[in-house]
Amino acid sequence: MKTVGLIGGMSWESTATYYRLINQGIRNRCGGLHSAKMLLYSVDFAEIEALQSSGRWHEAGQLLAEAAVRLEKGGADLLLICTNTMHKVAAQVVAAVTLPLIHIAEATGAKIVQDGIEAVGLLGTRFTMEEQFYRSVLEDTFGLRVVVPTADDRRLVDKVIFNELCRGVIADNSRQEYLRIVDSLAAQGCGAIILGCTEIALLIGSGDTDLKLYDTTEIHAQQAVAMMLDQ
């Protein structure tokens, strides 16, 4: 079994989900008392968020690159960035180490294409929904049609992520607003919705809507398990 290195803490709420899902995946694949060989470097999210908000992405990338170096020195064989948004600096992280990085958008896009879906709605932070670093992977690499909410709804989705979900607040009124947005994306021809922020699955899940939801945290964790056991 390979050792996975997690760059987490963005937020720790979803990083805890990564820890659980990867361990469950190893147990299910290996049986018995097996659990995951894992290293975690958890950043102070307040520092990262301040750099995001001020557009200082290179500095944020430096912090994640330094975390990756520490994980490599600690014995990690592969890396995960436990957040969708910070894949904006994925190239900076990859350049700092010799380890392979499992890209969350690539893992998600491959799964969607495998399922035969051509048009998807994308929920996430405003950076993920509005910039090209994430959408271009889905559109250019996998040929998907990606639809995002209206400007007002993008602001709402982003606000709930940072003001509620990253702080461990799960509010029913926010769930209903998210489901309204999901319905609006379905009305635009989306056959599924990407939960493109690792916290969104804390708020809505498959039991809340008939539309297929792609939980990027779960997909990312499953890909990590597969690579950890690939000899």
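1. Helix H2 (45-53) and helix H8 (151-163) each contribute at least two residues to the lining of the largest cavity. The model discussed in this note is a predicted one.

2. As to the number of such spaces, the structure contains 1 cavity of 30 Å³ or more. In general terms, empty space is found by rolling a probe the size of a water molecule over the atoms.

3. Which residues line the largest cavity? They are Met 10, Phe 45, Gln 52, Thr 83, Asn 84, Thr 85, Thr 125, Ile 161, Phe 162, Cys 166, Cys 197 and Glu 199. Sorted by class, this lining comprises 6 nonpolar, 5 polar and 1 charged residues.

4. A second topic is the packing of two helices. Such a pair is described by the angle between the axes and the distance between them. For helix H5 (residues 104-114) and helix H7 (residues 132-141), the axes come within 9 Å and cross at roughly 30°. Angles under 35 degrees count as roughly parallel, and H5 and H7 are therefore roughly parallel to each other. The crossing in which H5 passes H7 is right-handed.

5. Where do H5 and H7 meet? On the H5 side, the residues in contact are Ile 104, Ala 105, Glu 106, Thr 108 and Gly 109; on the H7 side, they are Tyr 134, Val 137 and Leu 138. By class, this contact of H5 with H7 consists of 5 nonpolar, 2 polar and 1 charged residues.

Notes:
Residues are numbered from 1 along each chain as its sequence is written. This is a predicted model: local features need pLDDT of at least 70, side-chain atom pairs count only at pLDDT 80 or more; totals for chains, interfaces and linings use all residues. Side-chain values use heavy atoms; hydrogens and water are left out. On a 1 Å grid over the protein atoms alone, a cavity is a set of points where a 1.4 Å probe fits but cannot get out, and a pocket is an open set with protein on both sides within 12 Å along at least five of seven lines; lining residues have an atom within 4 Å of a point. Grid points are joined across faces, edges and corners, and a volume is the space filled by probe spheres set on the points. Helices (H or I, at least four residues) and strands (E, at least two) are DSSP runs, numbered from the N terminus. Ala, Val, Leu, Ile, Met, Phe, Trp, Tyr, Cys and Pro count as nonpolar, Asp, Glu, Lys and Arg as charged, and the others, Gly among them, as polar. Axes are lines fitted to C-alpha atoms, for helices over the stretch in contact, and angles run from 0 to 180 degrees between N-to-C directions. Angles under 35 degrees count as roughly parallel, over 145 as roughly antiparallel, 65 to 115 as roughly perpendicular and the rest as oblique. A crossing is left-handed if the near helix is turned anticlockwise from the far one by less than a right angle, and right-handed if clockwise. Contact means heavy atoms within 4.5 Å.
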